[in-house]
Amino acid sequence: LGDVYKRQVSSICYAYLKAHYNNNSMSDAAASAIIPIASISRSNLHFRRELDVLLKTIDLELNDLLCVDEVPLSRIHDNNKLSLILTDHNKLSSVLSPFSSCVIEIVDHHVDSNQYSWVTGMLRDIAFDSITSKALVGSTCTLIAEKYFQLNNCDSALSAELSLIHI
């Protein structure tokens, strides 16, 4: 499946996970909106047929997605309210590079671009072995599933069973 499909699935799933976790662990005053944004323009989204088919299986449409050209990122940034989590790539596109200082987390399985040096530790989850030049997982979705298991105290046996079902 295409990169856009995997990127959108990982973005949607991680936004759900973060929103669910934040809503359960933060006061209403401290909570913030976590919104998955398609890193593709609305005009190009209709070319992503695989994503359209997937969304329809869960009663969603391409029009339900919010695309990068539909969000006033500059205004949000100017109000010091923008934080970005990168999923399924660890470098912003050139169009979004003016917002690089807003990157607060990375979840990815591609070679580390060594951008955003302030994003460290558990907030920099890049599953790529630079010695062997190979990804440690097949998809960022795997990393997000692992985070789900950790947050929900799933044991490793259950995680292994679900991983096998996914394969």
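Start by selecting Leu 136, which counts as exposed at 56% relative accessibility (buried is under 20% relative accessible area, exposed over 50%, partly exposed in between, with a 1.4 Å probe and protein chains only). Before going on, note that this is a predicted model, in which local features need pLDDT of at least 70, side-chain atom pairs count only at pLDDT 80 or more, and totals for chains, interfaces and linings use all residues. Residues are numbered from 1 along each chain as its sequence is written, and side-chain values use heavy atoms, with hydrogens and water left out.

Stay with Leu 136 for a moment: this residue sits in the loop between β5 (134-135) and α5 (140-151). Helices (H or I, at least four residues) and strands (E, at least two) are DSSP runs, numbered from the N terminus. Show the contacts (heavy atoms within 4.5 Å) and, leaving aside neighbours within four places in sequence, you will find Ala 127, Phe 128 and Asp 129 touching Leu 136.

Next, head for the largest nonpolar core. Such a core is a set of buried Ala, Val, Leu, Ile, Met, Phe, Trp, Tyr and Cys residues joined through side-chain atoms within 4.5 Å. Of its 14 residues, pick Leu 84, Leu 92, Val 103, Ile 106 and Tyr 116, which touch the most other members. Colour β1 (84-87) and β2 (103-108) too, as these elements each give two or more residues to this core. Centre on Leu 84 and, beyond four places in sequence, its contacts are Leu 92, Phe 99, Cys 102, Val 103, Ile 104 and Glu 105. A separate second core has 8 residues, among them Leu 51, Leu 55, Leu 62 and Leu 65.

Now for the rings: which aromatic pairs does the structure hold? There are 2. Rings of Phe, Tyr and Trp (its six-membered ring) pair if their centres lie within 6.5 Å; planes under 30 degrees apart count as stacked, over 60 as edge-to-face and the rest as tilted. Select Tyr 116 and Trp 118, an edge-to-face pair at 5.8 Å centre to centre with 75 degrees between the planes. Tyr 116 is buried at 6% relative accessible area, while Trp 118 is partly exposed at 47%. Then select Tyr 148 and Phe 149, whose centres are 5.9 Å apart and whose planes lie at 65 degrees, so this pair is edge-to-face. Tyr 148 is partly exposed at 40%, and Phe 149 is buried at 11%.
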